[in-house]
Amino acid sequence: MEEKRNYIIFFDLDSTVASENTLLHISSIINNNKFNMDYIYDMKTSWIDTSSYIFKTITDSGKSIEDMKEKYKTLPLTKGFPELFDFLRKFRNKESNINIEVVLLTGANQIICDWTVEIFKLDDIIDEVVTYKTKIIDNTVQVLPFHEHKCPDCEIGLCKEQAIHELIEKRKDIKYEGMFFAGDGDNDYCAGLGISKYNLKAKNTLFARKDYMLHDMLILKDGKTKTDLCQKLNCNLEIWEDGFEIMKYLEKEFTI
Ligand SMILES: [Zn+2]
């Protein structure tokens with residue numbers, strides 16, 4: 001039998017798999033419109049503290065963790081992602097000569113990732129979740145670091161470059177033909193650096209969502225000029241607007 005070709009794809013969650021920021025969506029369960037991205041940036045606390053604070057504020061307003069989960073069910077996946085997951089499912093059988101691992105690598109947090117897998121029935125497609133840990137304390141969710149790192153650009157508790165490195169180290173005996181990361185945020189730049197380190201037979205690809213922060217960091221407003229940050233990436237850069245575009249790209253890669 002023909003040897004399988006190994007690939008790995010990492011997905012961010014907030015505004016990538018899920019159509020908006022998951023915790024902000026959940027926070028809309030309370031009559032409080034102060035939580036928005038601008039407010040969060042102005043808080044200037046770490047994402048761990050900010051997300052723990054949002055969970056606590058929801059709890060203090062009388063909502064349970066179960067209420068939060070119910071609210072989360074109303075957040076749709078980004079356009080084309082259900083189809084993209086179905087596409088990836090096609091390779092989950094013995095006959096396929098493509099083996100693709102799927103990893104959720106996100107600054108959301110463990111409880112929200114667990115809900116994502118359960119609610120959207122992704123347990124057969126997500127092989128691993130890498131995110132901030134969570135603990136339930138006093139009926140609310142406390143967010144904790146995933147690991148320690150020294151990256152100056154990342155939030156305390158999770159650097160996606162280091163997370164990719166740690167994950168690939170554990171799979172040393174697998175020879176990947178391609179690594180992909182799909183995201184939207186400024187913290188996904190480190191993930192791009194992470195996959196850039198593994199310059200494999202087929203080139204790796206960073207998917208940056210059009211008109212979101214990662215895209216704006218890498219491509220100037222004229223749409224052509226790449227920034228210095230972009231030059232430092234040693235991987236392909238693809239701009240995406242929906243899951244269908246990522247699917248088409250992968251389809252081509254797999255048929256080469
Ligand atoms: Zn980093």
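1. Is D138 buried or exposed? D138 is exposed, with 7 other C-beta atoms within 10 Å. D138 sits in the loop between β4 (133–137) and β5 (140–144). Its phi is positive, about 50°, although D138 is not a glycine. Most residues other than glycine have a negative phi. From D138 to K172 is 34 residues in sequence and 41 Å in space, C-alpha to C-alpha.

2. A word on the model. It is predicted: local features need pLDDT of at least 70, side-chain atom pairs count only at pLDDT 80 or more, and totals for chains, interfaces and linings use all residues. Residues are numbered from 1 along each chain as its sequence is written.

3. Now the overall build. The protein has 12 helices and eight strands. These are DSSP runs numbered from the N terminus: helices are H or I with at least four residues, strands are E with at least two. The radius of gyration is 18 Å, close to the 18 Å that the globule rule gives for 256 residues, so the protein is as compact as a globular protein of that length. That radius is taken over C-alpha atoms, and the rule is 2.2 Å times the number of residues to the power 0.38. Along its principal axes, the C-alpha trace spans about 55 × 40 × 35 Å.

4. Of the 256 residues, 36% are buried. Two residues are in contact if their C-beta atoms, placed from the backbone, lie within 7 Å. Among contacts with a separation of 6 or more, 73% join residues 24 or more positions apart.

5. Look at β6 (176–183). Seven of its eight residues are buried, so β6 is largely enclosed by the rest of the structure. Strand β1 (residues 5–11) runs parallel to β6, joined by six bridges. Y7 has G178 of β6 as its bridge partner. β6 also pairs with β7 in the parallel sense, over four bridges. There A182 is partnered by F207 of β7. Pairing requires that DSSP find at least two bridges between two strands.

6. The largest nonpolar core has 60 residues, and I9, F10, F11, F181 and F207 touch the most other members. Such a core is a set of buried Ala, Val, Leu, Ile, Met, Phe, Trp, Tyr and Cys residues joined through C-beta atoms within 7 Å. Leaving aside neighbours within four places in sequence, F207 contacts F180, F181, A182, E238, W240 and I246.

7. I246 leads on to helix α12, where G243, I246 and L250 are the buried residues. Seen down the axis of α12, they fall within an arc of 60°, so they line one face of the helix. The arc is that of the directions from the helix axis to the C-beta atoms. They pack against α6 (81–89), β6, β7 (205–209) and β8 (236–240). On the other side of α12, E251, K252 and T255 are exposed. The helix covers residues 243–255 and reaches 18 Å from first C-alpha to last, close to the 18 Å expected at 1.5 Å a residue.

8. Finally, S15 deserves a look. S15 lies in helix α1 (residues 13–17). Its phi is positive, about 60°, although S15 is not a glycine. S15 counts as buried, with 20 C-beta neighbours inside 10 Å.

Technical notes:
A residue is buried if 20 or more other C-beta atoms lie within 10 Å of its own, exposed if 12 or fewer, and partly exposed in between; C-beta atoms are placed from the backbone. The expected span of a helix is 1.5 Å times one less than its number of residues.
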